[in-house]
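Reader: I am new to this structure and would like to learn how to read its features one at a time. Could you guide me through them?

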Amino acid sequence: MNNTLTRSANYSDSMKIAVLSTNADLYSTRRLVEAIKQKGHEATVIDHVKCFVMIEGGKPTIIYKGKPIPEIDAAIPRIGTSVSAFGCAVVRQLELMKVFTTVKSQAILRSRDKLRSMQVLAKAGIDIPKTVFAKNPSQVNELIHLVGGPPVVIKLLEGTQGVGVVLAETIKAAKSTIEAFYGLRANFLIQEYIAESKGADIRAFVIGNKVIAAMRRQGADGDFRSNLHRGGQGSLVELTPEEEETAVAAAKALGVKIAGVDMLQSDRGPLVMEVNSSPGLRGIEEVSGIDVAALIVSYIEDKIVTDEGDTVGV
């Protein structure tokens, strides 16, 4: 094992912290770099898709720009969904190299798989919208009936930021969408539509075992999807104790230590839709006024001292 890549640290030490990101100009990446430097640490941005993962007995290495990556104490993965598999291979390699990462490779993969994450959340007793998954079913009507529709929400397993999410308001529309997805050999989920949420959801930002900020995201006119990337609007919201407990429990169930937990407010309480392992910082920082990037760096400082060498998820 190449132990020259890590160093012991305490609160007074200056650390080397890498942000794994394909674009150094993205808001979240820039804010993290700023926060790292403001706290007296050295920041570097590593484009993980340009890394080579060297697999050799006893000497795990990552090659970047023709050289082994410089020694670092911690890494903040910002892995896009389009490169989840390779990005997680890089994160896993860092774990083998005893570098502290704010999210483990297995947690990223677990959260990105919509079906698996729903199964894990359900097993943990966390409420979610009624969800059905089937492969080439002969009875589309039965699927729709199982989730109480129509209307029903149909989601591609690989979708992100609202892409691949369809609201089918009638049985005919649902059948057409389902048949089209099957024709494309796409895997998807069918979920109940929570009418009382009125096109809004809650994004709770969790760090460790605490919700540090939350916002309500309201979909643009005529769009039931509340994603800010699709024109939705965010506003500060104070969570109920039940909502806060649910957000923390959901992040914990999936093993995501820094998470954006998306929930719907329903008549039967908060329903978790998704746990995002690379949550964006712009919306939550602008709405709350909280320096979320600085809190992430503080989390690293605390964990380097208490849990240095943790390799859970390898």
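Author: What follows takes up the sheet, the backbone angles, the aromatic rings, the cores and the salt bridges in turn. This is a predicted model, in which local features need pLDDT of at least 70 and side-chain atom pairs count only at pLDDT 80 or more, while totals for chains, interfaces and linings use all residues. Residues are numbered from 1 along each chain as its sequence is written, and side-chain values use heavy atoms, with hydrogens and water left out.

Reader: In what order do the 4 strands of the open sheet stand?

Author: Helices (H or I, at least four residues) and strands (E, at least two) are DSSP runs numbered from the N terminus, and two strands pair if DSSP finds at least two bridges between them. Here 4 strands form an open sheet in the order E8-E11-E9-E10, with antiparallel pairing. Strand E8 (131–132) and strand E10 (165–168) are at the edges with a single partner strand each, so one side of each has no neighbour in the sheet. E8 pairs with strand E11 (residues 188–192) in the antiparallel sense over 2 bridges, and threonine 131 stands opposite glutamine 191 in E11.

Reader: Which strands does helix H6 lie across?

Author: For such angles, axes are lines fitted to C-alpha atoms, for helices over the stretch in contact (heavy atoms within 4.5 Å), and the angles run from 0 to 180 degrees between N-to-C directions. Helix H6 (residues 171–183) lies across strand E9 (152–156), E10 and E11, and runs at about 10 degrees to E9.

Reader: Where is lysine 98 found, and what is the phi of this lysine 98?

Author: Most residues other than glycine have a negative phi. Lysine 98, in the loop between helix H2 (84–96) and strand E7 (100–101), has a positive phi near 65 degrees. Lysine 198, in the loop between E11 and strand E12 (200–207), also has a positive phi, of about 55 degrees, although it is not a glycine. Buried means under 20% relative accessible area, exposed over 50%, and partly exposed in between (1.4 Å probe, protein chains only). By that scale lysine 98 is partly exposed at 35%, whereas lysine 198 is exposed at 66%.

Reader: How many aromatic pairs does a search of the whole structure find?

Author: A pair of aromatic rings is described by the distance of the centres and the angle of the planes. Rings of Phe, Tyr and Trp (its six-membered ring) pair if their centres lie within 6.5 Å, and planes under 30 degrees apart count as stacked, over 60 as edge-to-face and the rest as tilted. The search finds 2 aromatic pairs. In one of them, phenylalanine 100 and tyrosine 299 have ring centres 6.4 Å apart and planes at 50 degrees, so the pair is tilted. Phenylalanine 100 belongs to strand E7 and tyrosine 299 to helix H9 (residues 292–307), so the pair ties together parts that are 199 residues apart in sequence. Phenylalanine 100 is buried at 5% relative accessibility, and tyrosine 299 is buried at 10%. The rings of phenylalanine 181 and phenylalanine 188 have centres 5.5 Å apart and planes at 50 degrees, so this pair is tilted; phenylalanine 181 and phenylalanine 188 are both buried.

Reader: Which residues touch the most other members in the largest nonpolar core?

Author: In soluble globular proteins, nonpolar side chains tend to be buried together. A nonpolar core is a set of buried Ala, Val, Leu, Ile, Met, Phe, Trp, Tyr and Cys residues joined through side-chain atoms within 4.5 Å. The largest one has 41 residues, of which Ile69, Leu94, Leu239, Val261, Met263, Val272 and Val275 touch the most other members. Helix H7 (residues 241–254) gives the most to this core, with 5 residues. A second, separate core of 26 residues includes Leu32, Ala74, Val297 and Ile300.

Reader: With which residue does glutamate 285 form a salt bridge?

Author: Side chains of opposite charge can pair when their charged atoms come close. A salt bridge is a side-chain nitrogen of Lys or Arg within 4 Å of a carboxyl oxygen of Asp or Glu, and the structure holds 9 of them. Glutamate 285 forms one with arginine 31, with the closest N and O atoms 2.8 Å apart. Glutamate 285 lies in helix H8 (residues 282–288) and arginine 31 in helix H1 (residues 27–38), so the pair ties together parts that are 254 residues apart in sequence.
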